Amino acid sequence: MDSLKIISWYEVFPDGDGRKIYAETVLGGKEIHAENVIEVSGREIAVEDAFLQEEGCVKIVRRIRKKESAGTGREKSGIAFGMDILLDEGRQLRYGIPSCRYSSGLKGKHTYMEERLTAPMVMAYVEGTQTAVSLARTRTPECSQEEERKRGDSCFLHRTLAGSLGYEWRDGRENFLCARWPYEEMDSSVALDSKGTPVQAFYPVDEEAWEAELHYEIKCTCDRTFTDSLYERYQELAGEFENEGHQIVSLPFTLQEEIICRETSLMKSYREFGEDGAGFFFHFDPRKGYGSEPSGFGTSFNTIPHSTYVHILEYGFTGRQNHAALILARDKGGEWVERGRKVVDFFLNHCILENGWVYSLYDLSKEEPFFSFGDPEAPKLHYMDYREAKGNYLRTMTEPMNDVLECYKWYHDQGSEQKPWLEAVIQFADLLVSLQNGDGSWYRAYEPDETPVFMLEDPGMAERERERGRKAASAIPIVFLCNLAEYLRSKGEDADAGSIVFRWQGYQRAAVRAGEYVLSSGCREELFQGGTLDNPNVVDKEAAQYAMAGCWHLFEQTGEKRFLDGAVTAARQFVTWNYIWNAPVKKETLLCEKKFRTKGMGAINSIWCGGVVDIYSLFHIRELYLTGRRAGDTFLMKMADWISTAAHQIMSWPGDKMGFTDIGMQPEGFGICPQGMDEGMIQKGDIWGTLGWIYSAGIDGVDRYVKELRKAD
């Protein structure tokens, strides 16, 4: 710690000529105070830096004061203050920035708005010595005013206390942890446009007096793994922020009442069509009601809404038709039992090929299923646009078939045997077994003839990185294979199931082999990628979530500690995708009006980071809770509780419809930072959607978690 060098600098806009260093501080184990006066356009600004050193920790307080001044006749200027912490290591380091970066640093400067980060911290980890240095912003800002900019401006004035954090690997030789106030996003940013134009904000300097106080903490730690170091600091900050008053939202309804509201809405999205058609039309704009086009956002390749959403049935990823059918049959009974059967029958009659390959999208206007990628004539959803082959993703084949398995089990228990459903499930499971690679992995996508599809690969990728990306979704079938193996094993010589019960060992063996691949790749490398399908193989929340769930289910079935250890590693990374503080929300937006809080909400991927949040951490909070309970990690259990509460914000209920047309409706996503705002994408405070998987997450994801809480009681 004593060898760290802190370089303090400032930058002026618009007349400045780059940053100017005003102090260089080498920590020497004692308290250091320094004062400087800076002149900007004839106006004086005083900055006082205090470095308070404790064992393994340095607390930094930066106070900046601008006194009221007489008019100078000059235009308003802006100023920014920065701090670069030079680390001892000159080699490439691994960086942990929650919801943003979990791998080796890239050359250049990479800084991010604090509001974009689920925890405002950056950590550099030295794998050889198992040591870490982290920089965190504490006493975070509560509000933010409108920026003073015109469309196209990348440097502008903004009266805000929000800053930025990140790192710089300069010339491939020197590593820095970086902080700046107000914020910047360098060397590229998603805030303004798809070109990645960098962003720099400056605090206005005019005749008015103002004062800013910024608090930071530097910590040096020693942990066995990268994930342990990141998780421990993240957990510490969660406690600090809670003490500072960052509380989870208080809901005006119970989780059971939340489920009832969502089911009320889900029922109204059901429709029958043609001779045998039935499904849920749950892609719509909650402000316009059922049947409308969902309001838009942008992915890497497409912008929605598309009018096609109103005549598409989606069975996996963001629309789980069979899952919705099971929820209502199970919870509502009566006519919903027969309606659920019709939904599943329609899917199996129209979307399954003889070899078990699955279509997960159906177009009512053409009365046929269509590929998730590769067909230029097919409707465009929020999936990656790839034209070199036609096929479907491992995820969007596995999810609907696991839902069919759960439907079969429930209907069978009710005395309604649906043998073709189980046969279809077995057929798909056999396809999975035949497609499994020798190392236990699967490829991310396949054509109907079972040819793997390798899409959107960077020609400059190293072979190891290319192979990891191709196999990134290998955790996804584990839960399905475990569920099927466990069911068949439990049936024994059951006459209804027939000889297929003896296949359970083969399916469990395939699940174990997949688990071993996850342990040797994602868990050993501590890098989880490729979970979502609207961006290439980037690191994302759902990849860690699926790895955690798969490892937990294998632990439940085998009792092998290695799978519990894998679940813990994935869980500890998964939780860092969820906010532990309440980032400022924009005034005069619905989020501000309804007192929306980010704490407990989940970021999506390492492109947007926490700039966009959603509710889909709910899918596997049961497994998160159980992993924490079994491992004795109470913070994992606490995170499950926070997620289960925060995810129901801005959901319409009888006491407040939120401006929506019915109860049980909720936006698909929430804008915490701008994304592509100069291209009409997402502004801070925006909401959009909705897509149908909010019902699966908000009903069944919560219900499975609540049942475990009841068992514990």
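**Close-up views of aromatic rings, charges and domains**

**View 1. An aromatic cluster in the predicted model.** Phe317, Phe373, Tyr383, Tyr386, Tyr393, Tyr616, Phe619 and Trp693 form one aromatic cluster, where rings of Phe, Tyr and Trp (its six-membered ring) pair if their centres lie within 6.5 Å, and planes under 30 degrees apart count as stacked, over 60 as edge-to-face and the rest as tilted. This is a predicted model, in which local features need pLDDT of at least 70 and side-chain atom pairs count only at pLDDT 80 or more, while totals for chains, interfaces and linings use all residues. Residues are numbered from 1 along each chain as its sequence is written, and side-chain values use heavy atoms, with hydrogens and water left out.

**View 2. The ring pair of tyrosine 102 and tryptophan 577.** By the pairing rule there are 46 aromatic pairs. Because the ring centres of tyrosine 102 and tryptophan 577 are 5.4 Å apart and their planes stand at 20°, this pair is stacked. The two residues are 475 residues apart in the chain, tyrosine 102 in the loop between strand 7 (94-96) and strand 8 (108-113) and tryptophan 577 in the loop between helix 11 (561-575) and helix 12 (590-593); helices (H or I, at least four residues) and strands (E, at least two) are DSSP runs, numbered from the N terminus. Tyrosine 102 is buried, at a relative accessible area of 1%, and tryptophan 577 is likewise buried, at 1%, where buried means under 20% relative accessible area, exposed over 50% and partly exposed in between (1.4 Å probe, protein chains only).

View 3. Phenylalanine 280 and tryptophan 336 form a stacked aromatic pair, with 6.5 Å from centre to centre and 15° between the planes. The pair links phenylalanine 280 in strand 19 (residues 277-280) with tryptophan 336 in helix 4 (residues 335-351). The charged end of arginine 339 sits over the ring of tryptophan 336, 4.5 Å from its centre, a description that requires NZ of Lys or CZ of Arg within 6 Å of the ring centre and within 35 degrees of the ring normal.

**View 4. Where domain 1 and domain 2 touch.** The protein is divided into domain 1 (5-244) and domain 2 (255-712), with bounds from an automatic or database domain assignment. In domain 1, 41 residues are in contact with 42 residues of domain 2, contact meaning heavy atoms within 4.5 Å.
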